[in-house]
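Here is a short note for a colleague who has not looked at this structure before. The points go from the whole chain to single residues.

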Amino acid sequence: MSPAALPPCPKVVPRAEAAARLAALRPGRRVVFTNGCFDILHPGHADLLARARALGDLLVVGVNDDASVRRLKGPTRPVNPVADRMFVLAALASTDLVTSFAEDTPLELIRDLRPEVLVKGGDWSVERIVGREVVEAAGGRVLSLPLLPGYATTGLIERILAARGGT
């Protein structure tokens, strides 16, 4: 049995409409952008997103689509499809706009959205953050925020599998 269709969510925006929607929300506000797979949302994600949101007035989250996650994480991922992942992210108070991207990196999305602040988790050094040059060239800031210790999607999946006997 397949899950029911998700109800519409105004924070979830198709990629083609993201820049226009953000332009309508942006005047007088500082935009923060972060991205990731967000395959199984956990406290580490919620903490990072809340701290990212505190750096500006609007938080935009770019989510890797399913094919992109498979290329980055392997054939067993994602656990949850992109529509589900975006819906859950949009339910968080910290997020203002959620969209997806098909590429392996969010570079084109960052170019289109032009955030003033670009954030990734502490497992990314600032020098390795994709889009850093674009944001800094426009006078913005790029930050690598410390992660909440003990939380990672891969570790969570491994614990679930171990609890089920590896099946």
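In what order do the elements of the protein chain run from the N terminus on?

1. Order of elements. The model is a predicted one. From the N terminus on, the order in the protein chain is α-β-α-β-α-α-β-α-β-α-β-α. The count is 7 helices and 5 strands.

2. Overall dimensions. The C-alpha trace of the protein chain spans about 50 × 35 × 25 Å along its principal axes. The radius of gyration is 16 Å, which agrees with the value near 15 Å that a compact globule of 167 residues would have.

3. Contacts and burial. Of the 167 residues in the protein chain, 39% count as buried. Taking contacts between residues at least 6 apart in sequence, 74% join residues that are at least 24 apart.

4. Surface and charge. The protein chain has an accessible surface of about 8,800 Å², and carbon and sulfur atoms account for 59% of that area. There are 21 positive and 18 negative side chains, and the centres of these two sets lie 3 Å apart.

5. Strand pairing. Which strands does β1 pair with? β1 (31-36) is joined to β2 (residues 58-64) by 6 bridges, and the two run parallel. Within this pair, Val31 has Leu58 of β2 as its bridge partner. β1 also pairs with β4 in the parallel sense, over 2 bridges; here the partner of Phe33 is Leu118. β4 in turn runs parallel to β5 (residues 141-145), with 5 bridges between them. In that pair, Leu118 has Val142 of β5 as its bridge partner.

6. Are the residues of β2 buried or exposed? In β2, 7 of its 7 residues are buried. Leu58, Val60, Gly62 and Asn64 point one way from β2, while Leu59, Val61 and Val63 point the other way. β4 (117-121) is likewise mostly covered, with 5 of its 5 residues buried. One side of β4 holds Val117, Val119 and Gly121, and the other holds Leu118 and Lys120. Both faces of β4 are covered, and a lysine, Lys120, is among the buried residues.

7. A cis peptide bond. The bond from Arg77 to Pro78 is cis, with omega near 5°. Pro78 is found in the loop between α3 (66-73) and α4 (82-90).

8. Positive phi at Phe38. Phe38 is not a glycine, yet its phi is positive, about 50°. The residue sits in the loop between β1 (31-36) and α2 (43-53). Is Phe38 buried or exposed? Phe38 counts as buried because its relative accessibility is 7%, and the cut-off for buried is under 20%.

9. Positive phi at Arg114. Arg114 is also not a glycine and has a positive phi of about 50°. Its place is the loop between α5 (107-113) and β4 (117-121). Arg114 has a relative accessible area of 53%, so the residue is exposed, the cut-off for exposed being over 50%.

Note on methods
Residues are numbered from 1 along each chain as its sequence is written. This is a predicted model: local features need pLDDT of at least 70, side-chain atom pairs count only at pLDDT 80 or more; totals for chains, interfaces and linings use all residues. Side-chain values use heavy atoms; hydrogens and water are left out. Helices (H or I, at least four residues) and strands (E, at least two) are DSSP runs, numbered from the N terminus. The radius of gyration is taken over C-alpha atoms; the globule rule is 2.2 Å times the number of residues to the power 0.38. Buried means under 20% relative accessible area, exposed over 50%, partly exposed in between (1.4 Å probe, protein chains only). Contact means heavy atoms within 4.5 Å. Accessible areas come from the Shrake-Rupley method with a 1.4 Å probe; for residues, only the protein chains shown count as cover. Lys and Arg count as positive and Asp and Glu as negative; His and the chain ends are not counted. The place of a charge is taken as NZ of Lys, CZ of Arg, CG of Asp or CD of Glu. Two strands pair if DSSP finds at least two bridges between them.
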